[in-house]
There are 2 protein chains.
Amino acid sequence: MDYLESYRKIVKGSGVIALATSVNDMPNVRIVNFCCDKENPSVLYFSTGNDNPKVIEFNENNRVAFTTIPTDLNDTPHIRSHSAVVQKSDKTLDDLKNLFLEHSPGLAEMFEMAGAYLSVYEIHIKEATVIAGMEDIGTVSF
Amino acid sequence: MDYLESYRKIVKGSGVIALATSVNDMPNVRIVNFCCDKENPSVLYFSTGNDNPKVIEFNENNRVAFTTIPTDLNDTPHIRSHSAVVQKSDKTLDDLKNLFLEHSPGLAEMFEMAGAYLSVYEIHIKEATVIAGMEDIGTVSF
């Protein structure tokens, strides 16, 4: 099994991720839209409001974990990682707008309304677990 | 808006949650099935394998966070909490099997196959945020 190929397919087919943070060993988690440049699958991009509480959490501790969302835990492929860090991107929403909308066309309205207040963040993934099936689990490293 | 009533509806309509832990300030997150007894909405039950890595994490730090999964971040009601703790339940899977299957009928096959290896855990929620709509956000406390 080519787990990197599975990883790419799962990322492409997932609209959102659950993104977890921790500050003083107190976890938090929220659902975020994201996109990924196929040339560099080890980085996921997401946008968030500049004054969103999660930004404060990122500044306290940049280690994050995420999972894509399986609709059926028994047979939906998904990926998980807790070897990741988050950082503010040098790219702007304008730079990545097309990539976001290609990934999730439903974001257009939100970008139209709130785009001026959004910054782009990057999740840099060192290693991810690919759960291709109940007994078909592999690892990709970047 | 009666946020407790919204909370109950969202819990009832959600098949899975994203459950986050932290050990030594390193977050982790996974998707779990769950169920909830309507008589006591401040406790969510889920089952997990006795030797699952998450059990080790719970023993290290029992503070957890969770979110239900909105399908559209713009208009899907969801709940989130990071004021929660996890503990092993005194109840068995047999005690709660009907409640689980009422919540998620799709679990029947998994329980049939792996039931003997599963324990029940409880998430005790002190406070949850109810995102009923983009600009309709409230809190429930227990």
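Tutor: Start with a landmark. B:N50 sits in the loop between β3 (43–49) and α2 (53–60) of chain B. This is a predicted model. B:N50 has a relative accessible area of 43%, so it counts as partly exposed.

Now move to the salt bridges. Side chains of opposite charge can pair when their charged atoms come close. Over all chains, the structure holds two salt bridges.

Take chain B. The side chains of B:R30 and B:E57 form a salt bridge, at 2.7 Å from N to O. This pair joins distant parts of the chain: B:R30 lies in strand β2 (residues 26–33) of chain B, B:E57 in helix α2 of chain B, and they are 27 residues apart. B:R30 has a relative accessible area of 6%, so it is buried. B:E57 is at 14% relative accessibility; it is buried because the cut-off is under 20%.

Turn to chain A. There, A:E57 and A:R30 meet through their side chains in a salt bridge (2.7 Å, N to O). Distant parts of the chain are linked here too: A:E57 belongs to helix α2 (residues 53–60) of chain A, and A:R30 to strand β2 (residues 26–33) of chain A, 27 residues apart. A:E57 and A:R30 are buried.

Finish at the surface. A:D72, A:D75, B:E109 and B:E112 gather there in a patch of negative charge. A:D72 is in the loop between β4 (63–68) and β5 (78–88) of chain A. Its relative accessibility is 33%, so A:D72 counts as partly exposed.

How values were computed. Residues are numbered from 1 along each chain as its sequence is written. Chains are lettered from A and ligands numbered from 1 in the order in which they are written. This is a predicted model: local features need pLDDT of at least 70, side-chain atom pairs count only at pLDDT 80 or more; totals for chains, interfaces and linings use all residues. Side-chain values use heavy atoms; hydrogens and water are left out. Patches are made of residues with over 30% relative accessible area and no salt bridge: like charges are joined within 9 Å, nonpolar side chains (Val, Leu, Ile, Met, Phe, Trp, Tyr) within 5 Å. Accessible areas come from the Shrake-Rupley method with a 1.4 Å probe; for residues, only the protein chains shown count as cover. A salt bridge is a side-chain nitrogen of Lys or Arg within 4 Å of a carboxyl oxygen of Asp or Glu. Lys and Arg count as positive and Asp and Glu as negative; His and the chain ends are not counted. The place of a charge is taken as NZ of Lys, CZ of Arg, CG of Asp or CD of Glu. Helices (H or I, at least four residues) and strands (E, at least two) are DSSP runs, numbered from the N terminus. Buried means under 20% relative accessible area, exposed over 50%, partly exposed in between (1.4 Å probe, protein chains only).
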